[in-house]
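Visitor: I'm new to reading protein models. Could you walk me through this one, strand by strand and helix by helix?

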Amino acid sequence: MTAPHTISNPEKRVRVTFVPSGRFVQEMPGTSLLETAARAGFIIETPCGGNGSCDKCKVRVVKGKPEATEIEHDRLTAAELNEGSRLACQVSVDHEMEVELYPESLLSDHHKILMDGMEARGKLDPVVSKVYFDLPPSDRRLPKSDLERLMSAIGDVRVGLSQLRRIPSFMRKNNWRGTAVIADGSLLRLEPGDTSGELFGIAFDIGTTSIVGTLMDLATNNELLAVSELNPQITFGDDVVSRILRVRDDPEALVELQEAIIGTLNGMIARMTERMRISPNRIYEVSAAGNTTMQQLLCGLDCSALAQVPFAPVFSRGQRFQTDKLGLHLNPDALLYVFPQISGFVGGDTVAALLASRMIHRRDTCLLIDIGTNAEIAVRRGDALFATSTAAGPAFEGARITNGMRGRIGAIEKVVIDRDVHLNVIGDARPIGLCGTALIDTAAELLRHGYLDPLGRLVSDDDLPADTPPSIRRRFIGEKSERRFILAFEDETGSDNDVALWQPDVQELQLASGAIRAGINIVLRKIGITADELDEVLLAGAFGNFIRRANARRIGMLPQVPGDRIKFIGNSTLLGAKLALLSQDKQEEAETIQRMAQRIDLSGDADFQREFADAMVFPDGDLDRCRDIPTFAGARENAIVVPAPPE
Ligand code: FES
């Protein structure tokens, strides 16, 4: 096959440089400047949803000024236009440019969102704290017990027998100086010297497919490092149900599943602490949020009851354990907080996402969707809070998709189809597969052009629209289940095969998208509203960050609400886990959410199967192709971002 005119070819890209950082990206022509900035890791404010009415996305094009649009002429003064000011939402990148970003236009990354949230909601107040003490030598005229003397410096605390046994020798050996580590009113440990500035914790988001951990400095409220890993339990089954059944059928599997996750967490802990040169011994607190199955497997709790009605979890309220009981390689006295669980299928990840989104503080009507292998869905209206979770499956992670892969180097992450196919490939590499966003993009683009019908069939050669260009026509190959649409031909890829969307892949996408949409529809119905009445849709989750919302609406996965009502809130499960790590109040709030939330177990809902079947059909007709707003939380790891040269 000869090479098609894909713009994945680097020569066809244009360079956009952002100043003052100097960071630049090679961009596909026609891409919105908002998306280009996001690809470089700069998130620009878009309160109006990119319709050109808020002026919040103002930037200055220093070199390569594009023609101003009608909207820009309306919104900006002649002087502003002359000096290069433009609205990022109105600029299409089609030639080389240099763009100055104004700090006030930047939303910043989700670390900023976390810190904003903490400012808004209270002080840094972790469960574990440290107090340095420096006592005078004991005085024979004022004889006091060792414990009394210690408490005179650190305040009243409960002291267990093991710590009490250590106090006399510690005090005398260290000349009555040291640091007391206190958790929840109890003395955890005494450390020699002043270590009050060395207090660290780790927040984990334990997903069915992947795990993300963030090392936090609990003394300064700083995020130090984040790492991610695949959940090793995937070898036992790629969804929660298969892992539950594995435990039910083979009790030994529970130990294996727990050992697998603990081993991976220990590996992540070692990576983070080595990289930041921090002793694991200085880590005193860990928070973990995951779905009910993941949390129970982490704790080594039997999850077989989740396989049968009424799908009862082992615990509902948040739990606190000593981490050494689980085999985590941290300070032996470190504590693990595991999030409260709403039900067997509405777990700690949903509670964490609700905590991060501040849903219980809102008075408007708001929908939260956190997309992962399981999608968490919640709606808040008035005093009511409904939550559910639906098994979207691992299609968005590339599993069960013929040429599917996760979002790493070589993955096609964006697809645009016009007279030909244009691709963005992570790392600017030759494509070797497609990740979840490209799966959605491809289906949405094929639907728009009439190359895919609402039932999810790639149309036959005879049924392709009469005006289908030859460059597109030649990409359709095969019949029935072998029918496919080639995104990159063999000689353009980094593998020995074409990269294509195959007919069975479309069905996998329909299952994933349909499950999410059916869950949304049922939750909206329970609370008695339609999608039109939603004031805001909060899109969360690591994958959700990268979705092009117009395309997610085109395939029916998201409701047809205006783009400016859909907001990105980052990886909310991880954000919730971080909040709980940093603040006891937030742990209390998580408990409140658990008590307030009314659960909907979709498996027991009489309407679910019908809704699911309906939602698997792609919306018909020529739906609004609105300008999409990027939702990136930052540049993808190894994306086509080229770092700024050293100063
Ligand atoms: S004017 Fe509002 S986002 Fe551009």
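Visitor: How many bridges join strand S17 to strand S26?
Guide: This is a predicted model, where local features need pLDDT of at least 70, side-chain atom pairs count only at pLDDT 80 or more, and totals for chains, interfaces and linings use all residues. Residues are numbered from 1 along each chain as its sequence is written. Strand S17 covers residues 366–370 and strand S26 covers residues 536–540, and the two run parallel; helices (H or I, at least four residues) and strands (E, at least two) are DSSP runs, numbered from the N terminus. Two strands pair if DSSP finds at least two bridges between them, and the number joining S17 to S26 is five.

Visitor: Which residue in S26 is the bridge partner of leucine 368?
Guide: Strands of a sheet pair through backbone hydrogen bonds, either parallel or antiparallel. S17 and S26 are of the parallel kind. In S26, the partner of leucine 368 is leucine 538.

Visitor: Which strands are the edge strands of that open sheet?
Guide: The sheet has six strands in the order S27-S26-S17-S18-S19-S28, and the pairing is mixed. An edge strand here pairs on one side only. That gives us S27 (566–570) and S28 (598–599).

Visitor: Which strands of the sheet does H15 touch?
Guide: H15 packs on this sheet, and its direction makes about 50 degrees with that of S27. Axes are lines fitted to C-alpha atoms, for helices over the stretch in contact, and angles run from 0 to 180 degrees between N-to-C directions. The strands touched by H15 are S17, S26 and S27.

Visitor: Are H10 and H15 roughly parallel or roughly perpendicular to each other?
Guide: The axes of H10 (residues 348–357) and H15 (residues 572–582) come within 7 Å and cross at roughly 75 degrees. Angles under 35 degrees count as roughly parallel, over 145 as roughly antiparallel, 65 to 115 as roughly perpendicular and the rest as oblique. So H10 and H15 are roughly perpendicular.

Visitor: How many residues of the contact of H10 with H15 are nonpolar?
Guide: Two residues are in contact if their C-beta atoms, placed from the backbone, lie within 7 Å. H10 brings Asp349, Ala352, Ala353, Leu355, Ala356 and Ser357, while H15 brings Ser572, Thr573, Leu575, Gly576, Ala577, Leu579 and Ala580. Ala, Val, Leu, Ile, Met, Phe, Trp, Tyr, Cys and Pro count as nonpolar, Asp, Glu, Lys and Arg as charged, and the others, Gly among them, as polar. In this contact four are polar and one is charged, and the nonpolar count is eight.

Visitor: Which residues of H16 make the contact with H15?
Guide: H15 and H16 (residues 584–596) have axes 5 Å apart and pack at an angle of about 125 degrees, so they are oblique to each other. On the H15 side we find Leu579, Ala580 and Leu582. From H16 come Lys586, Gln587 and Ala590.

Visitor: What about H13 and H17: which residues of H17 make the contact?
Guide: The axes of H13 (residues 503–527) and H17 (residues 608–615) come within 8 Å and cross at roughly 130 degrees, so this pair is oblique. H13 supplies Gly514, Ala515, Arg517, Ala518, Asn521 and Ile522. H17 supplies Phe608, Glu611, Phe612 and Ala615.

Visitor: Which residue in S21 stands opposite lysine 414?
Guide: Here we look at an open sheet of three strands, in the order S21-S20-S22 with mixed pairing. S20 (residues 411–417) and S21 run antiparallel and are joined by five bridges. Opposite lysine 414 stands asparagine 424.

Visitor: In S7, which residue is the bridge partner of threonine 17?
Guide: S1 (residues 14–19) and S7 (residues 97–101) pair in the parallel sense over four bridges. S7 is also joined to S4 (residues 58–63), in an antiparallel run with four bridges. As for threonine 17, its partner in S7 is glutamate 98.

Visitor: Where is proline 310 found?
Guide: Valine 309 and proline 310 are joined by a cis peptide bond, with omega about 5 degrees. Proline 310 lies in the loop between H9 (292–298) and S15 (319–322).
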